[in-house]
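User: I'd like to learn how to read the folds and packing here, one feature at a time. Could you give me the general idea each time and then the case in hand?

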Amino acid sequence: MSDVEYSVKQFILKEFLPGEDPSELTSSTPLITGGILDSLATMKLVMFLEDSYGVKFEAHEVDPDHLDTVADIARLVAAKKG
Amino acid sequence: MTTSTAAAAATPRAEPAVPRGGIGTAALVAILVQLGLVGLVLRQFQIESAAFRRLFLLVFCGFALHALLPVRYRLPFFLLLSLAGVGLVLGPENAAWLVIIGIALIGICHLPIAYLLRVSLLVVAGGVLAAQRANWIASPWSEAIWPILGSMFMFRLIVYMYDLRHETEPVSPWRSLSYFFMLPNVCFPLFPVVDYKAFRRNYFDQDAFETYQTGVDWIARGILHLLFYRLVYYHFTLAPSEVHNVGDLLQYLVSNFLLYLRVSGLFHLVVGMLYLFGFRLPETHHLYLLASSFTDFWRRINIYWKDFMLKIFYYPAYFQLKRLGATTALILATLFVFTMTWFLHAYQWFWLRGTGLLVSQDVLFWTILGVLVVVNALHESRHGRDRTLGKRSSSWRSRLALSARTLGTFVVICILWSFWTAQSVSEWLSLWTGLGVGFSMKAVVAAIVLLGVMVIPLIAGPTMATVKKPADRRKLWRSLVATALLLLVMAGMGMDPVYSKLGATIETTMQSLRSGHLSRLDNANLERGYYENLLHVDRFNSQLWEVYMKRPTKLLDVETGPLKQYTGGFEQYELKPSFVYSNHGTSITINRWGMRDKDYERVPPPGAYRMAMLGPSSVMGWGVSDGETFEALLEDRLNREASSGNRRSYEILNFGVPGYEPPQELFNFEKALGFAPNAVIYVATGRESYRAARYVADAAREGRPIPYDFLRQAAEKAGVVRGMDEAAAEKRLAPYQKEILSGIYARIASESRQRGIVPVYVFLPQVREGLWQEETPEALQAAEGAGFVVIDLSAVYQGRPLASVRVSEYDDHPNRLGHQLVAERLYQSFKAKADAIFRDASNADRAAK
C-alpha cells in the first residue's frame, strides 16, 4: 500500500467511518458506488487531497471513474503529481 | 502536466479488453424461464401499454440471441434490437423520422469543429425542434414521436456532450447510438436519466449470470411496485374535497406520496431490462420510504436524477465557488441544484407535452425542499452521518433515534408532496380545515404504513446499506429461486380461478389490479379537464398526465376553441350555432339552433313524434362524424322500421353539449321545450350526483347567479359562498349531493309531465374502466322516483374489449361501433317500452302548454 493510499484510507476511516473495522476498507472497496462517499464526503476528500498533496482537481474528475476506490484515488493523485 | 492530461494518464479502470459475457446453459435456461414468467405476469395484469408488452416479447427473444452471441457482436445487436423496438412501437414512418432526427443530433456532437461551436449548433437545433414542438413551425412527422424523442435526447444530450468534452477514450458509434436509442425507451417517456459513463463503464464488467439475474430481480421488483401503485391508486386515493376527518387526512397524505411507486416501478423495469443486455447500471431508487433525513431522501429517490444534477450542476458550481469557503460553496451549489431541478422539470414537461409549466407549487416545493436539504447538509458536514461497510451493531438508543428521524422525514415528505401535487395552494390549505374525528379502515392501512416506516429502522438498524459484496454462486441461485417464486405467486394471483376462490373482497381487488385504467378521481379530472387549463393536470406521477400527453394538442384546440360559445348565463356555454368543422374525414356540423344535428324547424311537422335528447359529449357524438351518433342512428332506424300506427315520422333533436353537467341540463331542458317535443330523453353517464354538486359548488363560489331556487338554497344551506376554495366548497356540498340530483331529476320529470311530455331517462355507461359507476344505482333510483321511464344500458358494451368501442387510448368516448351498439340497444329498449314512451298529446296542445 502506497503512502497516498494509506493516508486516504486513514482519512476516510476517521472522517466517514468512525468505529468501523479498518480491515473492512480495502484498496478496492467501492466508495462512491458503494454509498460511502456522497457529494459532501467527496468534496471533503477532494479538499483534503488538494491541501495534502498540492494538486488541483476538476469538477469532471469527481466521479466513480476516478475516485471510486482508494487505489483509484491514489492513482489519480500520483498522475497529477507527475 | 495539466490536470486533464493527468486524468487521462490516470484513467483508472478502462473497460476490460474482452468483456466477460459467457453464461452456462443451466443459468441461461433459468433466466429464460423467469423471463417467461415475467411475460405471463405482464399479460395477466396488463402492465403498462399493449405496445410495451409487444416490446417485452422482443426483449425476450432478443435476450436469448444476445446472450449466445460473441461479445463483440452484442453491442451492434443491441442497437439493432433498439431500432427494431422503435419501429415496432412507432411504425416505420415515425420511427424513420425519430432515427433521422436523432442521428442528426448525435452527428452534431461529433462534427470536427470546436466544442463550443458544436454546443451552439445543438442549441440552435434544439431551438428549431422546440419551435416545432410548440407548433410554431409545422413538422412533417406525427406528434406521437415528440415525447419519445424528448425523453431520448432532452437530458442525455447534455450528459453526452459533458462527457465528450472530457472523454479520453475513442468513441464507439455502436455505443453512442445505443445510448440514445436504448431499447426500452420507446415505451417510456418517463425514463431515468442514464449516465453515459455509467452506461459505458459497467458494460459486462462482471459475471454475466449475476448481471442478468439482477436484471430479472429488478424487473420483478418493478412489477411489484406497479401493482402496489395500482392498489393505492384505485382504492386509497382521495380528492381533497373527500377529506373530512383526521383519518381521511392521513389516508390522503400517505396514498398521495405512495403514487410515486409508479415511477420507481417503471424505473426498475427499465433498468432491469438494460441489465439483460449487459448494462450493469446503478440502482435507480433505494428504500426511499425509509430515508432518515432530507439529504438521505435526495440520495435515495431517483438516484439517476441526483447523479445527473451533481455531475452537471453541483460539482461545477462547487468548484467555482469553493474559494468562498466550503460552507458558502455548499449552500450556493445546493440551492443552484434545486433551482435547476425546478427549471428542468418545466423543460421536461415542455418536451413531453408541448406546453409551458409555471405553477406556484412547483417553485415553492423545490424551494422548501432545497432549503431543507441545505440545512441537513450543513448539519451532516459538521456532525457526519451514519455509514457502514457492512452490518454493524448499533444500540437501541441509536435505533430509536433513527426510527424517529425516519418517521419524521416520511411525514414531512408526505406533507410536502401533497402540497406539490395539489391543484392550488388554497386547495391544499382546505385539507387542513374543518377536520372531524374519524378513522376508516383505509386510514388504518395508512397508519400501518407509518408504523412500518417506524418499525423497520428499529429492526434493521442503519438502513443505508453501503458496500455490496460480490454475490457468490450459492447466493445467486437463492436470489433466482426467490424471484422465480415471487413471479409465480404474482402469475398465480392474476389467474381468475385462483383469486375468485379467495373471497369477494380479494376477488374485486384483484380484478381491479388486473388492468391499467384511470381511477375514479382521475376520471373526474379528465372529464373536467376537457375545458380547463392543462396545467391543472396532476403533474409527474399520474396516469392522467400520460393520457393528456398522448392527446393531440390540435384536438384540444377544437374542444376548447370554436366549438362552443360563452353565454354568460348559469349554463356558461353552448354549442356555437352554424359551426362547421372537418378534419381527416370527421365532420362536426352544428345547426342554426346550436344542436349537432340536421336542421329542424322549431315547430314539428304534423304527425311527427319529436324527442329531445339531453346529455354530454357522448350524446353530442364527440369522436364520430355527423350522422354516426347513436341519436342519428336511432332516428334513422325508427323512421325506417317502426310501424307504430299512424305516425308519419320520428325526430330526435340532439341537445348534447360536451362537458355539460346535470345542472346545465336544466337550461338545456328549457331550451328543448321551445321545440315542442313529445318526449325528453335525459342521458346520464355516471357520477351524476357528484358532478351535479360540484357544478353548483363552482357556481356559488364563483358568484354566478343560480336561477333555480332549490340549487341556490342547497348552496346556502351548505354555507358555500363566493370566493371559497374549490375543495372546501365541494366538501361542504357533499352531504347535499343526492338532494341536488333528485331536485334536478324531479324538476325535469314533473315539468315534462305537466306539459304532456314523456320524460325518458337513459343510463349510458362510460367507455372506460374504473369506479365511475359507483353512483349508478342511486342515480337510477332517483330517476325512477322522479317519474322517468328508465332505460338502463349499463351492459351495452359487455363482452367487447373497451379499446374496440372507444375513440382512442387518449379519448374515452364511444367510437362509431360504440354508437352503433348504443343505437341498437336503445332501439330495442324503445320497442320494449313503446307504450310508455310513444304516447302524447298533440303537438299543438304541447305548444300551447
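Analyst: Let's start with elements: helices (H or I, at least four residues) and strands (E, at least two) are DSSP runs, numbered from the N terminus. Read along the sequence, chain A goes α-α-α-α, which gives 4 helices and 0 strands. Keep in mind that this is a predicted model, where local features need pLDDT of at least 70, side-chain atom pairs count only at pLDDT 80 or more, and totals for chains, interfaces and linings use all residues. As for labels, residues are numbered from 1 along each chain as its sequence is written, while chains are lettered from A and ligands numbered from 1 in the order in which they are written.

User: How does the radius of gyration of chain A compare with that of a compact globule?

Analyst: The radius is taken over C-alpha atoms, and the globule rule is 2.2 Å times the number of residues to the power 0.38. For 82 residues a compact globule would come out near 12 Å, and chain A has 12 Å, so the two agree. Along the principal axes, its C-alpha atoms fill a box of roughly 35 × 25 × 20 Å.

User: And what share of the residues in chain A is buried?

Analyst: A residue is buried if 20 or more other C-beta atoms lie within 10 Å of its own, exposed if 12 or fewer, and partly exposed in between, with C-beta atoms placed from the backbone. In chain A, 51% of the 82 residues are buried. Over in chain B, Leu164(B) sits in helix α8 (residues 156-166) and is partly exposed, with 16 other C-beta atoms within 10 Å.

User: On to sheets. In what order do the strands of the open sheet in chain B run?

Analyst: Two strands pair if DSSP finds at least two bridges between them. Here 5 strands make an open sheet in the order β6-β5-β7-β8-β9 (chain B), with parallel pairing. At the edges are β6 (649-654) and β9 (789-792) of chain B, each pairing on one side only. From one strand to the next, the twist averages 20°.

User: Which strands does β5(B) pair with, and over how many bridges?

Analyst: Strand β5 (residues 608-614) of chain B pairs with β6(B) in the parallel sense over 6 bridges, and with β7(B), also parallel, over 4 bridges. Ala612(B) shows both sides: it stands opposite Leu653(B) in β6(B) and opposite Val680(B) in β7(B). Met611(B) has Ile652(B) as its bridge partner in β6(B).

User: How should I read a crossing angle, say between α29 and α30 of chain B?

Analyst: Axes are lines fitted to C-alpha atoms, for helices over the stretch in contact, and angles run from 0 to 180 degrees between N-to-C directions. Angles under 35 degrees count as roughly parallel, over 145 as roughly antiparallel, 65 to 115 as roughly perpendicular and the rest as oblique. The axes of α29 (residues 662-673) and α30 (residues 688-701) of chain B come within 7 Å and cross at roughly 80°, which makes α29(B) roughly perpendicular to α30(B). Residues are in contact if their C-beta atoms, placed from the backbone, lie within 7 Å. On the α29(B) side the contact uses Pro662(B), Pro663(B) and Gln664(B), and on the α30(B) side the residues include Arg691(B) and Tyr695(B).

User: Which residues of α3(B) are buried?

Analyst: An α-helix has 3.6 residues a turn, so residues three or four places apart point the same way. In α3(B), the buried ones are Leu55(B), Phe56(B), Val59(B), Gly62(B), Phe63(B) and Ala67(B). Their cover includes α2 (25-44), α4 (71-90) and α13 (261-275) of chain B.

Notes: Contact = placed C-beta atoms within 7 Å.
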